Amino acid sequence: MSDETPEQLPDSAGHFGRFGGRFMPEALIPALDELDAEYRKIQSDQGFQDEFAKLLREYGGVPSLLYDATRLSEAVGARILLKREDLNHTGAHKVRNVLGQALLTQRMGKKRIIAETGAGQHGVASATAATLFGLECVVYMGEEDTRRQALNVARMRMLGATVVPVSTGSRTLKDAMNEALRDWVTNVATTHYMIGTAAGPHPFPAMVRDFARGIGVEARAQCLELTGRLPDAVCACVGGGSNAIGIFHAFIPDSSVRLYGFEAGGEGVSTGRHAASITGGDTGVLHGARTYILQDEDGQTIESHSISAGLDYPGVGPEHAWLHDTGRATYEPVTDAEAMDAFALLCRTEGIIPAIESAHALAGARRVARELGPDATIVVNLSGRGDKDVETAGKFFGIIEERS
Amino acid sequence: MSLAPTFEKARADGRGVLIGCMPAGFPTVEGGIEAMRAMAAAGVDVIEVELPYSDPVMDGPVIQRASEIALAGGVRTADVLRTIEAVAEVGVPVVLMSYWNPIERYGVDRFARDFAAAGGAGVITPDLIPDEAQEWLAASDRYGLDRIFLVAPASTDERLAMTAEHCRGFVYATSVMGVTGAREQTSSAAPTLVERLRRFTDLPVGVGLGVRDGSQAAAVAGYADGVIVGSALIRCLLDAPDPDSGLEALRALSADLAQGVRAPSAATEKQ
């Protein structure tokens, strides 16, 4: 493994060291092979790359700004540059992935996409891309989440998607993913599964990374232009890990740049109520890949907990597992309370309401700032905006009443 | 112990092998053992014990529900091994169907050792393809276990050949693209898949997904060596008003299916 550089990973079978691969029913292997072949083709297909860039630019609002957050910097004690993915269309970095996959779906001649969603952000993004490309869209969502996130269900339906509430298992994101996989195995000839993060069986982790890696490519160039040098650290939140791998990837060869991924520590890793797969889990196989997962002694998946629906998943993308094992990136948990504290800080210093997911990255950046000191420059991926979280945050801070 | 003699004998008798599936720990560990022994006594040739798993992506609603009941009852991997031992004791060959993570978590070599010691014949691995199975290939060789990988109508010829080459005991052909569950008709894709598979292997072929009664079993036995039935058997227990009538329904369906595989239809089933 030592002679491999990160850019060459995964290997041809989708392995990042001992992680990744394909742990999937044989019925889906031909579809994964087809997707892999198409994914390889587009890498060197200038036509595809131009079309993708044009879509991102004219529809997605990309490249996003790198904002020199001086008031936040003053409060935190280091120079913080915010990568404003929250300003993208649909409100998060996820638009990059769905536009890329929709373009790919069109190339494969498939007319239907399915997606899983937790709080509904990836569902909304998928419904958006499907509408733009004239594709049928079915979104699987835990029954409990469809009630808690009624507004996002309405958004998806407004965009023409069918939302299917999932009432099996723990009725959460992982069960929505199970149900999407069951749909896929049944309808694979006509359907593309638009996975929402850099996880799942090969080629999804690599493909989603490549659709999101523009975040880091842009941030690197923007930082050099703004400051004349590379940042000392890059911080991102990690659930499945698409925004984190998206911003990390271009910096991996820059050994002077520290990479930090912040997992959802929930009520604290020691309480068992968290979603920190790397710092609080073990190696295992879930949803098609070997990675770090939350599991019991018998290998049964343990339910995750986080105030942030987007990080509330008991697994993580395999490339993060590999970056952790090699030590290239550092992963730490951030509790709900720390994240909400950072959420409030950004609201009050910069007038920006972040997604609670991204608030985990901000909370982590505060720690990194204490460690690196006032001369440090830290790029933080502000992966999404907080409109969707206003109710959760309002209740957390006691500024709106609980609905009975 | 291997499944080979069971298939050889059935082939000589001109009939199919009936493979009946039941999750361990459903409705309880003891209740599951009793159900599986009842199936064997009523004519099921091979018992397929399913290891209940939190995320069974290949399974339809019936097996999901039974697995949830088993997990809610606190079934552990050790209970699954105990079930296998208790069922194998009555002289019926036992295979396990398990998603990969519980086996990996137990330790692949250790699992193969303990499974063989419990009298298990082989393991069906629905989410493990031979491409990722190096450790399992070695462990199953070491302990002389059958290993049954799945093929599907969408599998290419190359993958059919490669997968069959790594199987021992039999090859599991999923007859429809989809999850487990009884259907009105088994798919017409199944005979085609079995025919394609036979170009690459002399191993017996078992067909699963969708069989719910004796006449469907007879139809499948007309072109396949093994008939795999799961959801329809499990439903006998799920739908029963009380355990005794559940077991009674289970015995009746097992006997009906056993009769079906003994009277293979010559013609391929029509849609």
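This is a predicted model: local features need pLDDT of at least 70, side-chain atom pairs count only at pLDDT 80 or more; totals for chains, interfaces and linings use all residues.
**View 1. Where chain A meets chain B.**
Let's begin at the place where the two chains touch. Chain A brings 37 residues to the contact, and chain B brings 34. Together the chains bury about 2900 Å² between them, with carbon and sulfur atoms giving 46% of that area. Several elements of chain A each supply at least two residues to the side that touches chain B: helix H1 (29-43), helix H8, strand S11 (282-286) and strand S12 (289-293). Helix H8 of chain A gives the most, with 8 residues.

Which residue of chain A meets the side chain of Arg159(B) in a salt bridge? The partner is Glu26(A), with N and O 3.0 Å apart.

In soluble globular proteins, nonpolar side chains tend to be buried together. The largest nonpolar core here has 81 residues, and the members that touch the most others are Leu99(A), Met156(A), Trp184(A), Tyr193(A), Ile124(B), Phe170(B) and Tyr172(B). Helix H8 of chain A (residues 173-187) provides the largest share of this core, 7 residues. A second, separate core holds 79 residues, including Leu18(B), Ala164(B), Leu193(B) and Tyr223(B).

**View 2. The surroundings of Ile124(B).**
Now zoom in on one member of the largest core. Leaving out residues up to four places away in sequence, Ile124(B) touches Glu48(B), Val95(B), Leu96(B), Met97(B), Ser98(B), Ile148(B), Leu150(B), Phe170(B) and Tyr172(B). Two of these neighbours, Phe170(B) and Tyr172(B), are listed with Ile124(B) among the core residues that touch the most other members.

**View 3. Helix H4 of chain B.**
Because 9 of the 12 residues are buried, the helix is largely enclosed by the rest of the structure. Among the buried ones are Thr77(B), Asp79(B), Val80(B), Leu81(B) and Ile84(B). The buried residues pack against helix H2 (29-41), strand S2 (46-50), strand S3 (94-97), helix H5 (100-106) and helix H6 (108-117) of chain B.

Is His360(A) buried or exposed? His360(A) has a relative accessible area of 0%, so it is buried. This residue sits in helix H15 (residues 356-372) of chain A. Beyond its neighbours within four places in sequence, His360(A) is in contact with residues including Cys237(A), Phe262(A), Ser306(A), Leu311(A) and Val334(A). Thr90(A) is found instead in the loop between strand S4 (79-84) and helix H4 (94-107) of chain A. With a relative accessible area of 11%, Thr90(A) is buried too. Not counting residues up to four places away, Thr90(A) touches Val95(A), Gln121(A), Ala125(A), Thr128(A) and Arg385(A).

**View 4. Salt bridges within the chains.**
Over all chains, the count comes to 53 salt bridges. One of them joins Asp45(A) to Arg107(A), with the closest N and O atoms 2.6 Å apart. This pair links distant parts of the chain, 62 residues apart: Asp45(A) is in the loop between helix H1 and helix H2 (46-60), and Arg107(A) is in helix H4 of chain A. Asp45(A) is partly exposed at 24% relative accessible area, and Arg107(A) is partly exposed at 35%. Another salt bridge joins Arg112(A) to Asp183(A), at 2.8 Å. Here strand S5 (residues 112-117) holds Arg112(A) and helix H8 holds Asp183(A), 71 residues apart. Both partners are buried.

Technical notes: Residues are numbered from 1 along each chain as its sequence is written. Chains are lettered from A and ligands numbered from 1 in the order in which they are written. Side-chain values use heavy atoms; hydrogens and water are left out. Buried means under 20% relative accessible area, exposed over 50%, partly exposed in between (1.4 Å probe, protein chains only). Helices (H or I, at least four residues) and strands (E, at least two) are DSSP runs, numbered from the N terminus. Contact means heavy atoms within 4.5 Å. A nonpolar core is a set of buried Ala, Val, Leu, Ile, Met, Phe, Trp, Tyr and Cys residues joined through side-chain atoms within 4.5 Å. Buried area is the accessible area (1.4 Å probe) that two parts lose on being put together, summed over both. A salt bridge is a side-chain nitrogen of Lys or Arg within 4 Å of a carboxyl oxygen of Asp or Glu.
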